[in-house]
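Q: I would like to learn how to read a few features of a protein model, one at a time. Could we go through them together?

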Amino acid sequence: MKREQWGTKYGFILAAMGSAIGLGNLVRYPSVVYENGAGAFLIPYFVALFTAGIPILFLEYSLGHKYRGAGPWVYQKLSKKWEWLGWWQSIVAFVILSYYMVILGWALSYTYYSFGAQWGEDTESFFFNDYLGVTEGVGVLGGIQWKVLIPVAILWALLFWVLHRGAKRGIEWASKFMIPILVAMIVLITIRGLTLEGAVKGLEAYFTPDFAALSKPEVWINAYGQVFFTLSVGFCTMITYASYLPKRSDLANSGFIVALSNCSFEFFAAIGIFSALGFLATQQGVEVGEVVAGTLGMSFVVFPQIINQFPGLNSLFGVMFFVSLLFAGFTSAVSLAEPGIAAIREKFGLSRKAAVNWLCGASALLSLLYVFKGGLYFLDIVDYFINNYGIVVSAILMVVLAGWVSKQVDSLQNHINDVSIVRIGAWWPIVIRFITPLSLAAMVLWNIYKEWMMTYGGYPQWSVNVFGWGLLAVVIIAGALIQQRRWATEPSPHREEVSS
Ligand code: PHE
């Protein structure tokens, strides 16, 4: 079995950009910024970017490229006993995929509702009551919501199809098609946003710094969380994508391009979104703070309101916004599935088709959970725990493994420098060994302390135990169990390491 490869260098860069640019950029970022000190948030954001995001991005690139495998394979190459960490990260991606697809399903429905603004005047009640049919509390399941199930099923079918076609004909092809259209649509939306009445008010809300926020540890925590999520690091995604690169590939250059384009996309798209918020606030004669909502509310409640108020071409802008979510999200969903697919192929010697069927089949089943009327509560709890602990804790272990247990950072640095034109300096091993683990550890300890003091979101303790802590435990145990099995495909030609 020969290892799959990208078609071109740009194909890889587009696929990696497609992974990075997603709901995290368009949905999560604007509300995270607003809730965490607005303009002042850029400080912790950049700190997180340079102390963890970009260094770990390079780490993943070099690991995948040097050892030519998905996460579990790569980690057990670093140290025999560490395979489970790769399973952990790949399973976390698999769990995120299960609800990521559901949110994309909502975006598909809303693309349709955009025609003639079918959500009506009261967009909040439409979203929660008419569309999701949310029940009165966690644990009240309330039957399947068909309006959600159907679009979610359509998207799953598409995802199966693209992933069956493989890295080059599927993932690369979808990214080449979707990413340029996405960028063009976001540019149009941003220009239109900036020219709306009241845009300045929105921009003030985006940029006016609240420096007091910088003294709050949770603002820093949120910055790290955002950076991991948006760059897709800590999920083995970038390891897997880099493993499909040919021997001679400029890793440093690609890394900088992907990080820079992802973050500027996020930054500029938010200018459009905040301008539109300023417009809505002006129309309603209120402050911007009164129209801002939490992550999902922003896209599915506030944005429809903005579309209602638009001076013209309402349906068109609605469609453009929700199709942007779909395109951005779809190429990310693909990259949430691929680490697991590649991992089970290698471990169990499966064909690509079989691996896709198993992984996506299981994730699709899991996503049924959120298609129930009471599913929104589960989605919220799972998202919170997986993001705050699943990713960050595994990222600490990852840098400890590379920097201390296997002591491979220096040779990985040489590997990057051998294949790249731009050289990675001595800063990189230092950051990976000291700065990243220390800053992440400080952040997790604070988070756990907070969790002790109160139950997340005021949910009943049992639900947090099952869908939060319980899920995390299952993920870790599953990884340890899989580690006990032998590798099916070892040794095989595609495992040849790239000489370094
Ligand atoms: N980066 C994607 C986003 O911003 C999410 C993602 C995370 C995708 C991890 C793949 C792996 O939405």
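Q: Is Phe207 buried, partly exposed or exposed, and what is its relative accessibility?
A: Buried means under 20% relative accessible area, exposed means over 50%, and partly exposed lies in between, using a 1.4 Å probe and protein chains only. Phe207 has 32% relative accessibility, so Phe207 counts as partly exposed. Phe267, with a relative accessible area of 25%, is partly exposed. This is a predicted model, in which local features need pLDDT of at least 70 and side-chain atom pairs count only at pLDDT 80 or more, while totals for chains, interfaces and linings use all residues. Residues are numbered from 1 along each chain as its sequence is written, and side-chain values use heavy atoms, with hydrogens and water left out.

Q: How many aromatic pairs does a search of the whole structure find?
A: Rings of Phe, Tyr and Trp (for Trp, the six-membered ring) pair if their centres lie within 6.5 Å, and planes under 30 degrees apart count as stacked, over 60 as edge-to-face and the rest as tilted. The search of the whole structure finds 44 such pairs. In one of them, the ring centres of Phe207 and Phe267 are 5.9 Å apart and the planes are at 50 degrees, so the pair is tilted. Because Phe207 lies in helix H9 (residues 199–207) and Phe267 in helix H12 (residues 251–284), the pair ties together parts that are 60 residues apart in sequence. Helices here are DSSP runs (H or I, at least four residues), numbered from the N terminus.

Q: What kind of aromatic pair do Trp404 and Phe434 form?
A: Trp404 and Phe434 form an edge-to-face pair, with 5.5 Å from centre to centre and 85 degrees between the planes. This pair links distant parts of the chain, since Trp404 is in helix H17 (residues 375–405) and Phe434 in helix H19 (residues 427–453), 30 residues apart.

Q: Which residues are closest to the ligand?
A: A residue is near a molecule if one of its heavy atoms lies within 4 Å of it. Here 15 residues surround the ligand, and the closest are Ala20, Gly24, Tyr100, Phe229 and Ser232.

Terms used
Helices (H or I, at least four residues) and strands (E, at least two) are DSSP runs, numbered from the N terminus.
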